[in-house]
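Colleague: I would like to learn how to read features from a protein model. Could we go through one together?

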Amino acid sequence: MTHTWRQFMPYVAWLQALIATTGSLYFSEVMHLPPCTLCWYQRIMMYPLVFVLAVSLLTQDRRVRAYALPLSVTGLLIAIYHNLLYYGVIPEGLTQCAAGVSCTARQIEWGVV
């Protein structure tokens, strides 16, 4: 029996959603780093995916793309906008991040200095 990459993609997607959800909860609840407004919007799109994808895996539902893809794409678009804002491509005045934590606040920087 030949396995293609498409057979494993739902498992990869579920694992990715689980890691992203666990990581975001770790940063906010363990490290006490408050999320900004855009971070919350991204979480709203990511958190349900853990359960949606798990149920689709358990029930062998092949229509998973129909209800997981809108959450994923919306979260991706928010993340792209957030990164453009964070790196100064979009001016901060064009966002709704005025209340609470700034969407451009640099709380953690990983990478080469």
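Colleague: Is tyrosine 87 buried or exposed?

Modeller: Some ground rules come before the answer. This is a predicted model, in which local features need pLDDT of at least 70, side-chain atom pairs count only at pLDDT 80 or more, and totals for chains, interfaces and linings use all residues. Residues are numbered from 1 along each chain as its sequence is written, and side-chain values use heavy atoms, with hydrogens and water left out. Buried means under 20% relative accessible area, exposed means over 50%, and partly exposed is in between, with a 1.4 Å probe and protein chains only. Tyrosine 87 has a relative accessible area of 54%, so it is exposed. Tyrosine 86, at 14%, is buried.

Colleague: How are the rings of tyrosine 86 and tyrosine 87 arranged as an aromatic pair?

Modeller: Rings of Phe, Tyr and Trp (its six-membered ring) pair if their centres lie within 6.5 Å; planes under 30 degrees apart count as stacked, over 60 as edge-to-face and the rest as tilted. The structure has two aromatic pairs. One of them joins tyrosine 86 and tyrosine 87, with 4.9 Å from centre to centre and 90° between the planes, which is edge-to-face.

Colleague: What does serine 28 touch beyond its sequence neighbours?

Modeller: Contact means heavy atoms within 4.5 Å. Serine 28 belongs to helix α1, residues 5–30, and is buried at 11% relative accessibility. With neighbours within four places in sequence left aside, serine 28 contacts Leu33, Pro35 and Arg43.

Colleague: With which side chain does the side chain of serine 28 make a polar contact?

Modeller: A polar contact is a pair of N or O atoms within 3.5 Å; within protein, one must be able to donate a hydrogen and the other to accept it, and residues adjacent in sequence count only if both atoms are side-chain atoms. For serine 28 the partner is the side chain of arginine 43, at 3.3 Å.

Colleague: Over the face of which residue does arginine 43 lie?

Modeller: A charge sits over a ring if NZ of Lys or CZ of Arg is within 6 Å of the ring centre and within 35 degrees of the ring normal. Arginine 43 lies over the face of tryptophan 40, 5.2 Å from the ring centre.

Colleague: Which residues make up the largest nonpolar core?

Modeller: A nonpolar core is a set of buried Ala, Val, Leu, Ile, Met, Phe, Trp, Tyr and Cys residues joined through side-chain atoms within 4.5 Å. The largest one has seven residues: Cys36, Leu38, Met45, Ile78, Leu85, Ile90 and Cys103. Helices α2 and α3 each supply at least two residues of this core. Another core, of six residues, lies apart from it and includes Leu49, Val50, Leu53 and Ala68.

Colleague: Which residues does histidine 82 touch?

Modeller: Histidine 82 is in helix α3 and is buried, at 11% relative accessibility. Not counting residues up to four places away in sequence, histidine 82 touches Cys36, Leu38, Cys39, Gln42 and Cys103.

Colleague: How far apart are the C-alpha atoms of leucine 57 and proline 10?

Modeller: They are separated by 7.1 Å, although 47 residues apart along the chain. Leucine 57 lies in helix α2, residues 37–59, and is buried at 16%. Leaving aside neighbours within four places in sequence, Pro10, Tyr11 and Trp14 are in contact with leucine 57.

Colleague: Where does histidine 32 lie, and what is its phi?

Modeller: Histidine 32 lies in the loop between α1 and α2, and has a positive phi of about 55° although it is not a glycine. Histidine 32 is exposed, with a relative accessible area of 62%. Glutamine 60, in the loop between α2 and α3 (64–86), has a positive phi of about 60° and is not a glycine either. Glutamine 60 is exposed at 57% relative accessibility.

Colleague: How much of the protein do buried residues make up?

Modeller: Buried residues make up 26% of the 113 residues.

Methods:
Helices (H or I, at least four residues) and strands (E, at least two) are DSSP runs, numbered from the N terminus.
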